[in-house]
Amino acid sequence: MITRTRYNPKEIESKWQAQWEAQNLYHAADDSPEQKFYHLVMFPYPSGDLHMGHWYNYSPFDAYGRFKRMQGYNVMQPIGFDAFGLPAENAAIKRGIQARTWTLANIENMRKQLRAMGAQWDWQREVVTCLPDYYKWTQWLFLQFYKHGLAYRTKAPANWCPSCHTTLANEQVLGDGTCERCGSVVIRKEIDQWLLKISSYAERLLDFSEVIDWPEKTIIMQRNWIGRSEGAEIRFTAEIDGQHEEIPVFTTRPDTVYGVTFFVLAPEHPWVEKITTPEQRAVVEAYVEEARRMTEIERMSTEKDKSGVFTGGYVTNPLNGEQVPVWIADYVLMGYGAGAIMGVPAHDQRDFEFARKFDIPIREVIRPADEEPSDPSTWEEAHSHLGVMVNSGPFDGTPADQAIKQVTRHLEERGIGKYMVTYRLRDWLISRQRYWGAPIPVVYCPKDGMQPVPEEQLPVWLPENVQFKSTGESPLRYEADFLNTTCPVCGGPATREADTMDTFIDSSWYYLRYADPHNEQQAWSPEKLQKWAPVDQYVGGVEHAILHLLYSRFFVKALHDMGHLNFDEPFLRLFHQGMVLGSDGQKMSKSRGNVEAPDKYVEKYGADTVRCYMMFIGPFEAGGSFKAENLEGVWRFLNRVWSLVGETGIGSKASEGESAESKAIERLRHKTIKRVTDDLSGFRFNTALAAMMEYNNALIKQQNEPVASSAAYRRAVETLLQLLAPLAPHIAEELWNQMGHSESIHTTSWPSYDEAMTQDETFTLVVQVNGKVRERIEVAANIGEEEVRKTALASPKVLSFIGETTVQKVIYIPGRLVNIVVRNK
């Protein structure tokens with residue numbers, strides 16, 4: 001019998017964490033003969049402390065990685081820190097310290113917390129994005145995009161946060177038009193900025209054929225964000241200053257072109273100045289200035305009242321020659337299509353509302369075949385259906401299934417339009433007017449203009465000690481040692497680009513660096529990357545569907561085309577964890593006062609209890625509420641496991657004799673292995689734990705019986721520890737060691753099961769007479785229907801209920817029950 005001791009998680013967890021690290025147990029060797037499994041979780045931002053949200057994400061994630069390791073895979077499970085970003089800069093300003101100092105201190109604290117979790121992190125592969133050995137290669141990647149025409153600089157309207165003094169990508173502006181970081185109202189501002197041509201990859205980003213297993217909702221979100229539309233480009237014309245000019249518009253409904261009664265330009269459109277008449281210039285300029293102060297979110301809101309101004313100018317409809325008045329309206333954006341739309345109020349609700357407000361004619365040109373003509377002035381809303389073309393000149397009577405194709409072909413034949421596919425996706429704005437980010441490796445020379453920094457001169461060092469302005473402007477603009485440099489072409493004086501890169505650049509390739517994190521000569525060795533990439537299993541929040549996940553796919557596809565990668569999808573399998581809520585059922589947030597830190601619970605119950613509880617609160621993809629009092633239930637379970645091993649007479653020389661009890665335990669063992677294996681494979685950690693709890697209870701019931709001295713019982717207990725090891729690694733390791741094993745439980749093979757042993761030899765047959773239960777009989781699992789009939793009718797108890805009646809029929813539901821239907825003679 002094993003000497004009884006008290007379960008002391010604080011003692012055993014620190015002991016085993018030290019041993020695992022000393023043994024280098026979780027380092028994934030590049031030369032291992034085992035099949036690789038790249039297991040990755042989205043790396044954290046070093047805010048200073050882990051919270052229960054991190055534990056909810058990382059605990060099941062780590063359990064799955066440990067499970068795969070025991071299945072025989074060479075699991076690479078790295079960790080790092082997404083360490084650049086505006087919060088560090090704001091914290092530095094607020095606290096009067098340097099961003100680097102604040103960030104690295106937070107990282108060190110989070111390292112300790114991550115180690116306390118007991119996860120199988122491969123610390124030898126750690127990356128920290130704010131250190132030069134990482135951002136050197138971020139800059140190198142920028143240069144590759146620049147060389148291949150995928151990075152460019154332009155002056156264009158951008159989302160501008162007046163508080164953070166920086167540009168924001170559309171995805172970083174919340175639905176209410178505020179900055180996601182500080183909550184200030186975002187405005188539009190025209191500045192020089194750097195962009196990446198993600199739009200060039202729109203069609204390929206719609207293709208998920210190389211992705212093995214992604215959530216359908218994420219695929220749909222990306223497809224909707226990319227927003228592919230098929231239609232036609234139609235070239236309207238105008239006479240401006242004696243010149244014949246064309247202005248194209250895109251429409252998905254070229255069959256409605258005869259219904260155009262007005263034309264709308266975005267306020268920023270270059271034609272606005274050309275086409276505006278002198279009489280309208282003042283009101284147009286005032287409207288343009290007002291629109292410039294609004295965010296795109298505000299301008300596109302369906303709840304906003306329609307507004308606009310007539311320019312005084314006209315364009316010609318190329319199909320019917322009509323002169324169409326040109327308006328400007330803030331609901332039209334330059335970034336979508338050509339910044340111009342043809343107004344068809346009869347068949348577009350947005351145009352309908354605009355026309356009604358400004359008393360613009362509404363002309364019906366599409367009508368369902370079975371509908372009578374009606375006056376559009378009496379309509380309450382636009383009729384956006386397909387239908388037969390009417391009031392459309394030579395196309396009158398064209399049916400719905402032919403209308404769009406026929407009009408498009410006619411436009412192409414006359415040279416006034418063409419079939420076209422457009423996308424909602426726009427190029428990725430990566431410039432940030434802030435300090436704490438990777439410097440953009442470009443210089444500006446008075447003689448040679450804009451020049452990329454030569455690769456051999458990387459990294460462009462980010463100054464570690466800077467002075468922040470009270471205005472919030474980037475201090476790089478005032479750091480002479482950083483700003484002043486020499487031109488790589490002529491050697492004369494030049495200035496550096498003072499913008500830094502969006503931090504989503506860092507997270508768009510970090511998973512590639514993990515394969516070769518200490519390479520000083522390359523971003524990665526092709527051989528090592530080929531060994532590990534792409535990622536086999538990725539875990540992270542669905543909130544990154546159209547940010548990080550889309551950007552990463554773009555990066556990989558572009559780098560593949562450049563010849564740097566031999567694959568073009570970064571993550572083969574993707575899983576989104578749910579959200580852990582506060583005890584009040586609301587999202588954890590400081591403003592609600594319901595945020596829970598794990599440290600005090602780890603101190604009281606141990607990491608294994610907290611890990612298991614986070615897996616037990618609900619399905620991993622659904623999330624659940626953290627309730628501290630419920631930790632007690634998991635704590636009691638682990639104590640029962642501890643007692644099972646410590647208080648049961650399990651010797652190293654257990655009896656090999658077989659009995660009915662030992663056979664039953666062996667069958668239960670196989671059943672439990674199957675249940676837990678299936679559950680862990682499907683990320684069902686809560687039900688896997690439930691299966692182990694049931695199994696543990698069954699073993700406890702027999703721990704004082706003779707069967708507890710059998711080899712079958714010892715095997716059953718060892719199996720319990722192996723099944724528990726991925727979820728509660730410390731207690732499993734300790735008890736495994738106490739049972740006399742010298743090797744780590746985490747290096748053992750995952751238990752296997754015999755499918756035949758998962759099936760019961762017998763089952764309880766419920767016998768009914770006229771639908772009422774009259775008997776229960778234990779029968780063989782493979783019993784046939786005829787044998788069931790004979791067995792049921794042979795039961796004296798059943799016969800007593802049949803009596804003198806006649807058996808009309810016998811209904812058998814296999815494996816469950818038999819119903820004997822009788823009637824009086």
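**Close-up views of a predicted model**

**View 1. Strand 17 and its antiparallel partners.** Strand 17 is joined to strand 18 (residues 449–452) by 4 bridges, and the two run antiparallel; strands here are DSSP runs (E, at least two residues), as helices are DSSP runs (H or I, at least four residues), both numbered from the N terminus, and two strands count as paired if DSSP finds at least two bridges between them. The model is a predicted one, in which local features need pLDDT of at least 70 and side-chain atom pairs count only at pLDDT 80 or more, while totals for chains, interfaces and linings use all residues. Residues are numbered from 1 along each chain as its sequence is written, and side-chain values use heavy atoms, with hydrogens and water left out. Strands 17 and 18 form a hairpin with 3 residues between them, and Cys 445 stands opposite Gly 449 in strand 18. Strand 17 is also joined by 2 bridges to strand 20 (residues 493–496), again in an antiparallel arrangement, with Tyr 444 opposite Thr 495. Within strand 17 (residues 442–445), Val 442 and Tyr 444 point one way and Val 443 and Cys 445 the other way, yet all are buried, that is, under 20% relative accessible area with a 1.4 Å probe and protein chains only.

View 2. Strand 1 (residues 36–41) is joined to strand 22 (residues 537–539) by 3 bridges, the two running parallel, and the bridge partner of His 39 in strand 22 is Gln 537.

View 3. Helix 2 (residues 52–70) should span 27 Å at 1.5 Å a residue, which agrees with its end C-alpha atoms being 27 Å apart; the expected span is 1.5 Å times one less than the number of residues. Gly 72, which follows helix 2, has a positive phi, near 105°.

**View 4. The surroundings of Thr 609.** Thr 609 lies in helix 19 (residues 607–616) and is buried, with a relative accessible area of 0%. The side chain of Thr 609 reaches the backbone oxygen of Tyr 605 at 3.2 Å. Leaving aside neighbours within four places in sequence, Thr 609 is in contact (heavy atoms within 4.5 Å) with Leu 631, Val 634, Trp 635 and Leu 638.

Conventions
Buried means under 20% relative accessible area, exposed over 50%, partly exposed in between (1.4 Å probe, protein chains only). A polar contact is a pair of N or O atoms within 3.5 Å; within protein, one must be able to donate a hydrogen and the other to accept it, and residues adjacent in sequence count only if both atoms are side-chain atoms.
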